[in-house]
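Me: Hi! I have a structure open that I've never looked at before. Could you walk me through it?

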Amino acid sequence: MDDEAEGISAEELQLATRNHGMPLEALAYPITPIGLHYLLIHYDIPVVDGAAWRLGVEGDVERPLHLSLEEIRARPAITMEATFECAGNGRALMRPRAISQPWLREAVGTGAWTGTPIRPLLDEAGVRPGAVEVVFTGMDRGVEAELDQRYRRSLPLDEAMGDDVLLAYELNGRALPPQHGYPLRLVVPGWYGMTNVKWLQSIEVVSQPYRGYQNERAYRFRMTDDEPGVPLTRMVPRSLMVPPGVPEFMSRRRFVDAGRTLIEGRAWSGWGAIERVEVSDDGGATWSAAALEPQRSAHAWQGWSFDWTPPGPGEFELCCRARDGAGNEQPLEPEWNVGGYANNAVQRVGVTVREP
């Protein structure tokens with residue numbers, strides 16, 4: 001990794017021990033096992049009594065609701081495969097590096113989320129004319145920018161009313177684990193992970209744009225601290241490969257034997273289906289098309305594979321890049337920004353090919 005971890009502070013290391021990424025070998029699973037799914041927990045994990053918990057649906061509605069977990073589970077349910085990725089994925093690979101959770105590329109995972117669509121619930125509550133946003137508040141509480149706050153984010157009303165937005169109470173067929181938001185979390189497929197509020201406590205319909213910290217200051221793409229920036233929304237395209245061969249313990253450099261090697265991976269985007277994945281073995285100088293698997297779900301990553309036969313023993317740099325249906329393609333180099341967000345530059349994997 002050369003100097004990728006240079007300057008990691010004790011505070012960042014403390015964050016890294018609380019928040020873990022998905023080992024990239026877990027890309028082999030179409031649905032990420034719960035214990036391997038990435039985690040980002042802003043504050044503390046709330047301890048919640050599911051029997052006493054209630055969800056409030058309030059604000060600019062005609063009929064406020066207060067629902068128990070049992071009442072929510074009794075509503076019509078769907079299961080949806082969806083990929084989550086942290087907006088800061090790749091932050092530690094930028095120079096200069098933003099000071100925060102030092103993600104490399106592992107802040108991603110795909111779950112089978114079971115829950116009830118939010119739109120019928122909002123229709124039942126009766127959204128009043130003039131409403132513009134829906135604010136989702138979690139039970140987790142902490143301090144950022146000297147502000148004592150609960151984790152809270154809003155969505156435009158038309159996004160919150162989308163048919164694929166869920167209130168999820170199960171992950172991979174099991175009740176949400178505490179670290180994934182028990183008893184209820186928001187699932188907004190295609191958007192970066194910060195949108196999917198965990199430990200959901202209230203839903204508030206509002207007639208004015210929400211100006212809280214997590215919307216107005218955090219998770220915005222800006223080039224200087226002084227500018228307001230542009231809010232992050234949907235995931236930009238990314239492709240990652242299952243690490244080939246075997247690793248060297250410290251550097252994680254890969255070693256493979258000469259001859260045919262099957263390179264496999266996953267690609268995703270919040271802006272449309274993946275149309276193309278390409279692989280390079282010379283650091284991005286030349287590219288070849290990979291084979292795409294059929295898409296499992298409109299909101300989940302897509303598998304791909306590539307038969308690679310290196311010309312002989314030696315040192316190689318494998319890269320992969322994806323292009324989505326909206327025409328977005330991964331860049332060769334990251335686009336720097338203050339928060340270290342949305343770094344979807346192509347993955348580079350150093351490989352040593354050995355004699356058999």
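Me: Let's start with β4 and β7: how many bridges join them, and do they run parallel or antiparallel?
Reply: Strand β4 (residues 108-117) and β7 run antiparallel, and five bridges join them. Helices (H or I, at least four residues) and strands (E, at least two) are DSSP runs, numbered from the N terminus, and two strands pair if DSSP finds at least two bridges between them. This is a predicted model, where local features need pLDDT of at least 70 and side-chain atom pairs count only at pLDDT 80 or more, while totals for chains, interfaces and linings use all residues. Residues are numbered from 1 along each chain as its sequence is written, and side-chain values use heavy atoms, with hydrogens and water left out.

Me: Which residue in β7 is the bridge partner of Thr114?
Reply: That's Glu170. Glu170 also has a bridge partner in β8, namely Ala175.

Me: How do β7 and β8 pair?
Reply: In the antiparallel sense, over two bridges, with β8 covering residues 174-175. Their hairpin has two residues between the strands, and Asn172 there takes a positive phi near 55 degrees.

Me: And what about β7 and β9?
Reply: Three bridges join β7 to strand β9 (residues 185-187), and the two run antiparallel. In β9, Arg185 is the bridge partner of Ala168.

Me: Is β7 mostly covered or open to the outside?
Reply: Mostly covered: six of the six residues in β7 (residues 166-171) are buried. Buried means under 20% relative accessible area, exposed over 50%, and partly exposed in between (1.4 Å probe, protein chains only).

Me: New topic: what is the strand order in the open sheet of five strands?
Reply: The order is β2-β1-β10-β5-β6, with mixed pairing. β2 (65-68) and β6 (147-156) each have a single partner strand, so one side of each is left without a neighbour in the sheet. From one strand to the next, the twist averages 25 degrees. Axes are lines fitted to C-alpha atoms, for helices over the stretch in contact, and angles run from 0 to 180 degrees between N-to-C directions.

Me: Which helix packs on that sheet?
Reply: Helix α3 (residues 118-125) does, touching β1 (54-59), β2, β5 and β10. Contact means heavy atoms within 4.5 Å. The direction of α3 makes about 135 degrees with that of β2.

Me: Where does Pro120 sit, and how exposed is Pro120?
Reply: Pro120 is in helix α3. Pro120 is partly exposed, with a relative accessible area of 43%.

Me: How many cavities of 30 Å³ or more are there?
Reply: The count comes to one, with a volume of about 240 Å³ for the largest cavity. Of the 21 residues lining the largest cavity, the closest to its centre are Leu40, Arg185, Gly193, Asn196 and Lys198. On a 1 Å grid over the protein atoms alone, a cavity is a set of points where a 1.4 Å probe fits but cannot get out, and a pocket is an open set with protein on both sides within 12 Å along at least five of seven lines; lining residues have an atom within 4 Å of a point. Grid points are joined across faces, edges and corners, and a volume is the space filled by probe spheres set on the points.

Me: What volume does the second largest pocket have?
Reply: About 680 Å³. α1 (10-18) and α5 (213-216) each supply at least two residues of its lining, and α1 gives the most, with four residues.
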